Amino acid sequence: MKNIEKKRIILHLDMDYFFAQIEERENPHFKGKPLVVGADPKKGKGRGVVSTCNYEAREYGIRSGMAISRAYSLCPTAIFLPVNMSLYKRISISVFKIIKKSFSKYEKVSLDEAYIDITEKVNNFKSAEIKGDTLRDEIYKREKLRSSVGISGNKMMAKIACELAKPNGIKVILPKNSKKIISKMGVEVVPGIGPKTKKIIGRKLDKKEPRVKDANTLSKRELKEMLGKRGEDFYCMFRGIDHSPVEEKREIKSIGREHTFQEDTRDSAKIIETFKKIVNEVFEEAKNKKIKGITVVCRFEDFQTRTRQISFDAKRYDNDFYYKKGISLLLGLLTENNKKIRLVGFRVRV
Ligand code: DCP
Ligand code: CA
Ligand code: CA
């Protein structure tokens with residue numbers, strides 16, 4: 001029963017190289033040159049990361065999340081710009097207004113990404129494609145920004161279609177072709193399969209880079225034994241099936257700060273002092289809002305990034321309470337290993 005999918009038509013929209021494209025729009029003379037948005041590279045000595053970059057910079061191998069120093073060494077002549085988050089947020093709001101005008105059932109995934117359930121709006125995939133084109137045209141007309149759209153019978157396949165459509169394109173994957181198309185891909189295309197799960201599957205199949213078609217030799221029971229309840233969902237997803245609904249989530253707001261140390265450190269007094277400073281900044285911004293949860297982030301010298309979090313009940317506590325909880329999470333992370341710390345961060349959900 002679970003292997004039969006309800007007929008739906010789902011559209012996935014994702015803006016192309018979002019932060020960098022906005023910077024190109026604001027500064028047209030940057031167009032055509034490699035452009036990187038992120039931390040200050042400080043002539044190769046900078047210590048933050050790349051947020052994103054345009055396609056010209058990607059040709060040099062630069063990618064989101066990469067150390068900015070690495071990006072600098074790959075292309076020292078690129079244009080490096082700081083993250084102007086308030087501008088990107090403002091433009092994101094405008095893009096979502098355009099979506100909202102034409103569609104009622106959509107789910108915001110991030111600043112530049114949304115799923116839209118258009119089952120009730122169109123009768124077939126041909127008219128779905130026209131809807132997708134109209135949306136892309138409308139965004140371009142109003143915001144002068146390019147985007148890509150994927151369309152299929154569920155969220156997972158619509159996102160895969162969108163990846164294939166990028167940049168500035170549209171792609172439809174008919175549900176009857178979903179299984180065949182996904183089978184050629186690496187298992188990590190399935191949402192929820194990260195490096196750890198991939199390793200478990202790879203070990204079982206004796207393959208370093210397991211593909212979906214390899215994973216399709218595993219029975220539902222085997223997957224459940226290996227990965228628990230999630231394994232059953234993966235069994236369906238490996239066959240192009242995803243039942244998850246498009247749901248408009250109430251927006252969870254988070255307020256956070258992070259600090260990259262000038263030099264990697266294990267000096268706990270120094271780490272705690274910095275932590276205290278950023279926690280206070282976060283409290284300052286969160287002001288009277290009810291805190292629903294806190295997250296502490298540590299990035300270690302080898303770039304491994306670990307987080308720990310706690311959620312709270314409906315009660316309101318004073319800032320000191322959250323600070324002490326934060327410190328205990330931080331100490332937990334620090335005692336996980338002996339590596340030096342590169343970055344520490346603190347975030348609250350409000
Ligand atoms: N972002 C970030 N750090 C990351 C990944 C992304 O700050 N590690 C930001 C910058 C991106 C935006 O989020 O512009 C959207 O992320 P995407 O993954 O959609 O990437 P892009 O829009 O930059 O590129 P693409 O054209 O591949 O979608
Ligand atoms: Ca994007
Ligand atoms: Ca995105």
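A: Helices (H or I, at least four residues) and strands (E, at least two) are DSSP runs, numbered from the N terminus. Residues are numbered from 1 along each chain as its sequence is written, while chains are lettered from A and ligands numbered from 1 in the order in which they are written. The model is predicted, so local features need pLDDT of at least 70 and side-chain atom pairs count only at pLDDT 80 or more, whereas totals for chains, interfaces and linings use all residues; side-chain values use heavy atoms, with hydrogens and water left out.

T52 counts as buried because its relative accessibility is 9%; buried means under 20% relative accessible area, exposed over 50%, and partly exposed in between, with a 1.4 Å probe and protein chains only. Leaving aside residues up to four places away in sequence, T52 touches F19, A20, V36, V37, R58 and S64, where contact means heavy atoms within 4.5 Å. With R58 there is also a polar contact of 3.5 Å between the side chains. A polar contact is a pair of N or O atoms within 3.5 Å; within protein, one must be able to donate a hydrogen and the other to accept it, and residues adjacent in sequence count only if both atoms are side-chain atoms.

The loop between β2 (35-38) and β3 holds K43. K43 is not a glycine, yet its phi is positive, about 50°. Most residues other than glycine have a negative phi, and most peptide bonds are trans. K43 counts as exposed because its relative accessibility is 71%. K287, also not a glycine, has a positive phi of about 40°. The place of K287 is the loop between α12 (268-286) and β10 (293-300), and its relative accessibility of 59% is why it counts as exposed. A cis peptide bond, with omega about -10°, joins K166 and P167. P167 is in the loop between α6 (155-165) and β8 (170-172).

Next come the metal sites. Donors are N, O and S atoms within 2.8 Å of the metal (3.2 Å for Na, K and Ca), and sites may look incomplete, since water is not among the atoms.

The calcium ion (ligand 3) is coordinated by D14 (OD), D112 (OD) and E113 (OE), at 2.2 to 2.7 Å. The donor residues of the calcium ion (ligand 3) are spaced D-x97-D-E in sequence. D14 coordinates both calcium ions, ligand 3 and ligand 2, which are 3.5 Å apart. D14 is buried because its relative accessible area is 5%. D112 has a relative accessible area of 15% and therefore is buried, and E113 is buried too.

Not counting residues up to four places away in sequence, C162 touches H12, D14, S148, V149 and G150. C162 is found in helix α6, and it counts as buried because its relative accessibility is 0%. The C-alpha atoms of C162 and N124 are separated by 18 Å, and the two residues are 38 apart along the chain.

K208 lies elsewhere, in the loop between α8 (195-205) and α9 (212-215). It is exposed because its relative accessible area is 76%.
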